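Hi,

Here is the structure I promised to pass on. Have a look, and my notes follow below.

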Amino acid sequence: MKSRRDFIKTGLALGATLSLVSRKGLAAAEAAAGGATAPAPAAPALKSVLIAVRDGSRTAMLDRALAALGGIEVFVKKGQTVLVKPNIGWDAPPERGANTHPELVGHLVKLCLAAGAKSVSVFDNTCDQWQRTYENSGIEQAARNAGAIVVNGKDGSLYREVEIPGGIKLKRAKVHALVLDSDVFFNVPVLKHHEGSLMTAAMKNLMGVIWDRGAYHRTDLHQTIADFLTFKQPTLNILDAYHPMVRNGPRGISVEDVVEKRTLLASTDIVALDAAGAKLLDHQPADVRHVRIADQMKLGTMDLDQVEIRRFKLT
Amino acid sequence: MLHRRLKLFRVVVALAIFAGLTAALVDFRGALPPRIGHWLASAQFVPSLMALLTGTSLALGALIILVATLAAGRVYCSAICPLGILQDVIAHVASWWPGRKSPRRRYAPPVNWLRQSMLAVTLAGVVAGWAGLTLAALDPYSNFGRIASGLFRPLLTLANNAMVGPANAIGLTSLYRVEPHWAGTGMLSASAFLLVLLLVLVAWRGRIYCNTLCPVGTLLGWLARMAAFRLEIDKGACTKCAECLRICKAHCIELRSGAIDFSRCVACYDCIGACDHGGIGHHWSWRRHQPAAVPPMSDPAPAIAVRDPARRAFIAGAATALAASFGASARLHAGPSAPNRDQPELDDAHRAGAGNARNVICPPGSGSITRFLDRCTACQLCVSACPTHVLQPTWTAYGLDGLMKPRMDYTTAFCNYECRVCGEACPSGAITLLDLPEKQVTQIGEARFEKEKCIVVVKGTDCAACSEHCPTKAVYTLPYGDNLRLPTVNRDLCIGCGGCEYACPAQPAKAITVSSKRQHGRAKKPVEQKAALPPAGDFPF
């Protein structure tokens, strides 16, 4: 099953990272996991790793988290194409916490290019009018300044229809070409309250790479969010929880909706990352239905006791 | 020599205004600040007169044009009016056609009955309270706006989209595809018809549109007849070579008598340069009692005889115009308490079926549908400027007097909470520029939630797309059923932006829709305390 395969792939990738095997080893491990039709090998008993950093600037926390994972070079090789997918949902300034902070996006882009990436692209299928959202979120400017290509997420011709055989309710979706074609896929969400799904973090952020968001809402929001992971998992998920929006999400009304947490999480296990995000918002991971479903589908683990959490406090 | 430079000056000004207005109207990328379009459109006669008469703003454009016309003739028609300039552009481009001979023009008598009828219809419309229809349909600037926004803009968008691929291939990433926005068939046909009509008329007889059909041209023509400085032929210098009349696109030079019908002269100054003998120039024409000989039907000079029919027509016209101004002014100043079309309320409109033709929502800053329809000239500048394209031209949704005026269309977009671009763009005062905090509490409609159509109830799964999009949290969710969240509407906070309706994925009918508030209201401002979470000095995991 594809979901299982991806899970194993993630596990293998992590194992490779942890043991600080060279990238060649990791690539070999991935190759072993095989193409889309390869049968899944037996699951190795490897723990997911979650990096949790507190009390630093966004850039310092990102640097620390990446260092703990073995450096950006573990993920980005020379000449590779990189996609950085922040949450750029709403026409709101950075301090409202409605979007990923531009500073974090800009810094990640810079690191990718410094690691020799051929190109770094940034986009989101925004909820508010896209040019205004790109501009007022500060992300367009920050990403451009850092050297990224900022791509229109509202251009339907850039999405390709794919089959999602592992999906229970989501069987087909139009997915942005950058997700399908990029070598490296960084998912860089922001942590927020959400009126419909209780919380939005890494898993829900991936709704922004598909064309028809309405289809998700129409056909069981939580199940479709989880289903997408059977098709594609990001190379690495980095959660901006510096000042999470704790109510009126995901859009928020004012700066009063955010609470300072000064936290950043990173993990290749998207479910573990969202489980930890839920805890930051004072929820139980299982209360967030898409997290629970993804855990049941073995797309990751929401049981943080089963996750190797590495905690760092910067001062 | 200075005199001969007049044409150059006219062409430079005309091209600048034409280029600026066209850019604002075809701006499919939102690249131009909306104020630029606003300024250029505020220099246009009808919108600025509308803004002035309704006391919306101290728009001096119309007054300046009137004074300039009284001073030197219809300078508006060749230097400022985009529809006039468009005709010059058409003629100019046509002259590049290989093998095409330049047109040989001659004098043509004016079609006064039609000129006066067109103006009379316009003014009668104003008096009768149909200004919304007649002004909108006949204002040359607004007609240009509909051609540029309705036809040129989507065509340019398609051209842009065709270029994106090749541009990206050579590494030019600043180009991107944009969804072309086509107006409905009605407005599209009306704009296309006018454009074709102009092409035909320009080819047939130059500026006959401006001198026969355009009420602004006729009105300004009346003033031009009395202008202080008029173009005249110096009979001493004239050799009757006819170069001037061959080039005259207004067909208003009568060479036999040596007279220029200044009411039809569009002040292009082509004739000045065409005359090798320096025989045409501006002359001080007030307090002179030797009128030039008058060609039979044109009556170029005023004050010939009291019985002069054109003069009588002018006096009648002026009186009508004055009455119209007062009439319009009184109508438009009538406050919201006055009985008007806004009274049929919301509930009726809604019961008849939300989203039907009567449930039309006008943009924030327009006050009420009546106020909006009275002031809007359907120039489409706001439609072009609207970044979300929630503003879409109608055809008959508002009724006849609202032909082609924009509405908020929530099927493909919703009003951006942080945006007031339409108010920035509008030149006529139909959409007042509200302060952003004021705009954010202006109720243009009200959300209505129909539980039985909601995904959460029908399918038993979470959704909340509506509440997700709500900028004021007028739409919020409450616990429902098995750990689900069901939307609820707090009408006090709802401003009718349409975010909820746009986002609602329910099919075939949306579960949440916005019904029009024909008289706009004021929502409560959401008040917020600082949010808090249980303190956690450490990681909560």
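Helices (H or I, at least four residues) and strands (E, at least two) are DSSP runs, numbered from the N terminus. Before you dig in: this is a predicted model, where local features need pLDDT of at least 70 and side-chain atom pairs count only at pLDDT 80 or more, while totals for chains, interfaces and linings use all residues. Residues are numbered from 1 along each chain as its sequence is written, with chains lettered from A and ligands numbered from 1 in the order in which they are written.

Chain B has a cis bond too, joining B:Gln507 and B:Pro508 with omega about 0 degrees. B:Pro508 is in the loop between helix 23 (499-503) and strand 10 (512-522) of chain B.

Two non-glycine residues to check for positive phi: A:Asp55, near 60 degrees, and B:His251, about 55 degrees. A:Asp55 is in the loop between strand 1 (48-54) and helix 3 (58-68) of chain A, and counts as partly exposed because it has 14 C-beta neighbours inside 10 Å. B:His251, in the loop between helix 13 (243-247) and strand 2 (253-254) of chain B, has 20 such neighbours and so counts as buried. The cut-offs: buried is 20 or more other C-beta atoms within 10 Å of the residue's own, exposed is 12 or fewer, partly exposed is in between, with C-beta atoms placed from the backbone.

On burial, 63% of the 315 residues of chain A count as buried. Over in chain B, helix 12 (residues 215-224) is largely enclosed by the rest of the structure, because 10 of its 10 residues are buried. Among them are B:Trp222, B:Leu219 and B:Gly221.

What about the contact of the chains? It takes 38 residues from chain B and 40 residues from chain A; two residues are in contact if their C-beta atoms, placed from the backbone, lie within 7 Å. On the chain B side, helix 21 (455-459), helix 22 (465-469) and strand 8 (475-480) each give two or more residues, and helix 22 of chain B has the largest share, 4 residues. By class, that side has 18 nonpolar, 11 polar and 9 charged residues (nonpolar: Ala, Val, Leu, Ile, Met, Phe, Trp, Tyr, Cys and Pro; charged: Asp, Glu, Lys and Arg; polar: the others, Gly among them).

Cheers
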